[in-house]
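User: Could you walk me through a structure, one step at a time? I'd like to see how you get to each answer.

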Amino acid sequence: MSRFVIATALFATPWAVVAQPAPDAEAAASKQEKARLADTDTLLALTNDGAILYSQDAVKLSGYQYCSQAVALAEAGEFRQSVRAASKALHLANATRDPNLLAMANRDLAIVYSYSGQLDKAEEFAREALRHPAREPKLVVGPVNKVIGDVQTRRGDYAAAVLSYDTALANSSERYAPLVTSSLINALIESGDAARARQLLGTLPAPKDAPLAAQLDRTRARLLLAEKKPAEARDLYRQLTTRQVGTDSGYYQLWAWDGVSRSELALGQKQAAAEAVGRALSGVDAVRAKFRSEEFKMGLFSDLQSVFERAVGLYSDVGDTRQAFEVSERSRSRALLDAVRGRAQLSDEAAATVDLATLQRTLKADERVVQFHSLPDRLQVWVVGPTDIQAQSIPVKRDELTELVEGFRNSVVRGRRTAIANGDKLGAALLGPLKLQPGQRLVIVPHGPLHYLPFQALRLDGRYVIETYPVSVAPSMSIAVQLAQRSPRIDASLTAFGNPRIEDKYDLPGAETEVREIAQLFPRKNVYMGAAATKTQFRDVASRSPLMHVAAHAEADQVDPLYSRILLANEGGKQNFLEAHEIIGMSMQGGALVTLSACESGLGKIAQGDEVLGFTRSFLSAGASSLIASLWPVSDDATAVLMSTLYTELSKGRDIQRAMQAGQLAVLKNPSMSHPFFWAPFNLIGNWRLTVGS
């Protein structure tokens, strides 16, 4: 059985990957993929999860208390915990046949999935809530239609959003109506109906809450811009740059300066716009990272990454390449902080940034950093060498880039022959303009949808990239530089976990074979198989294991990446999986290389702006120097060849970037496994210079 991922379900059913992808297997693979996704956080799955979770609660609450808990957790940004609380309410609603509780639980699920950016799920649960009669309809019908409007707004369907908000407004309580009206005003602004937005704005009472008042003034300034009054908008935004809003004043002042920048841009003052966005970002480090539910309530959906985006675009437009590059780098650090939001302990190093000069001093003559930043209207790219930096603007919109990446990934994962033509097309578009020299060692810093892209499988001049260039990736250049500056050589001592014993459906005999073969290459080793491959054992050895290899199932949580997990063996008769937030809290400075020979272990959640968190950030933040992780479900046979070659090369003293290249080429050269599905899933992330042995 091949390794796989269950994307968010708490106790979902596994599925097996097609071992030999071929055109006649595409339909089956596609069907399996759809079945897997359909089984993720569905009404039935969550109800079943809720029953299990409820049975484990020492103190059992009522269904309505779980609903209250779900709302409080959602507003605190604890999305997975909120889903779990709502799941318990769902279970109790079904057990007691209470239609009102069913409506409330589905309402709360709609809210939390909307907050977490899972828009399809949010709409699904919102519409489910409307199917059940509620005792007090205004507690369900208004909020649920507002969620539907929020989803439509974030999809850019403003006309539909206006209709949904109108329905919500007609079915809202007196207390809730102003929030719906605010959302409606913002949707009207975006839809181009400034006149009605202005009329509704005049009906809103002045909020007593300072943050809500500040948000409403932001809406007034946005309306002035929509009314093509940029000078008036700029004046109002400038007034807001000095507004005090308690301990969070810096946050609202940041958005005010961003508004000044957008107003200057509307006035044709690009340099002034760049200066204003610089003022906005000058205070970003002091702004506390937290989830701000009041913005969602008012239909603003602001994202700090959009400010970084505007800055990258503006600095690029005015020819300030260094500043554009460094702002791109800062955006990645901020994305990590916003993802964690104080819920896990980050080291100072994990959130630090380095400047361009420091990066260039670190690079060797044959090393090139290729850093991307995906903007709404283009893809910005920088190629950095020891003495120079070259900037390129590739005219591909983010939505188009997402489609290109998805198309290429699908052709690879489903074994299509079109993967080669798609690789030629994408390689020419993304790497062709960069004039890379054969043999240069590439460190790719992806952005947005590019985190899903196996750069080694792109093609240039009729060859796969991996055939010409050693390749590694990094979540940020600052992280890569810090890791590259660590001790380049580590002890040849292996710790391996293989085929953790959970239950029969999770059995991975191929993983067990893989670990035994790798272990033979190392005289010093500790191997934990089956029932011995536990979380307790992992935590015990993590801080003193230079080489850590884990061959197991992994699950990426799309609702809350801090709850992504590696499935380790049961303990005391109970499941005891290792979650991302627990990994961040570990001390792994003694662990230089972690290999996750598990499916889709390299994926985090991609928000607007960048990869925010997953296993990659967790292990690197905990102190590991390098990570090997996969982008899609892997083939056992191909993984065995790749890993065996990789570790053999490492044991000979070859650096990890070239060892990874050798492993991928060893699979590629096997005629039965030459398709990228087999050899391209694993990425080397982090310190590309690492070597093993004395």
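Here are some questions and answers about helix packing and salt bridges in this predicted model.

User: Let's start with helices H13 and H16. At roughly what angle do their axes cross?

Analyst: H13 covers residues 249-266, and H16 covers residues 304-317. Their axes come within 11 Å of each other, and the crossing is at roughly 40 degrees.

User: Is that crossing of H13 and H16 left-handed or right-handed?

Analyst: Handedness comes down to which way the near helix is turned from the far one, and anticlockwise by less than a right angle counts as left-handed. For H13 and H16, the crossing is left-handed.

User: How many nonpolar residues does the contact of H13 with H16 have?

Analyst: On the H13 side, the residues that meet H16 include Tyr 251, Leu 254 and Trp 255. Among their partners in H16 are Leu 304, Val 307 and Arg 310. Sorted by class, this contact has 2 polar residues, 3 charged ones and, for nonpolar, 7.

User: On to salt bridges. How many does the structure hold?

Analyst: A pair counts if a side-chain nitrogen of Lys or Arg is within 4 Å of a carboxyl oxygen of Asp or Glu. By that rule, the total for the structure is 42.

User: Arg 155 and Glu 123 form one of these salt bridges. How many residues apart in sequence are the parts this pair ties together?

Analyst: Their side chains meet with N to O at 2.7 Å. Arg 155 sits in helix H7 and Glu 123 in helix H6, so the bridge ties together parts of the chain whose separation in sequence is 32 residues.

User: Which helix holds Arg 196, the partner of Asp 166?

Analyst: The closest N and O atoms of Asp 166 and Arg 196 are 2.9 Å apart, and the two form a salt bridge. Asp 166 lies in helix H8, so the pair ties that helix to a part 30 residues away in sequence, with Arg 196 in helix H10.

User: Where is Arg 378, the residue linked to Asp 317?

Analyst: Asp 317 and Arg 378 meet in a salt bridge at 3.1 Å, N to O. Asp 317 belongs to helix H16, while Arg 378, 61 residues apart from it, is in the loop between strands S1 and S2.

Note on methods: Residues numbered from 1 in each chain as written. Predicted model: local features only at pLDDT ≥ 70, side-chain atom pairs only at ≥ 80, totals over all residues. Heavy atoms only, no water. Axes fitted to C-alpha atoms, helices over the stretch in contact; angles between N-to-C directions. Helix = DSSP H or I, 4+ residues; strand = E, 2+ residues; numbered from the N terminus. Contact = heavy atoms within 4.5 Å. Nonpolar A, V, L, I, M, F, W, Y, C, P; charged D, E, K, R; others polar.
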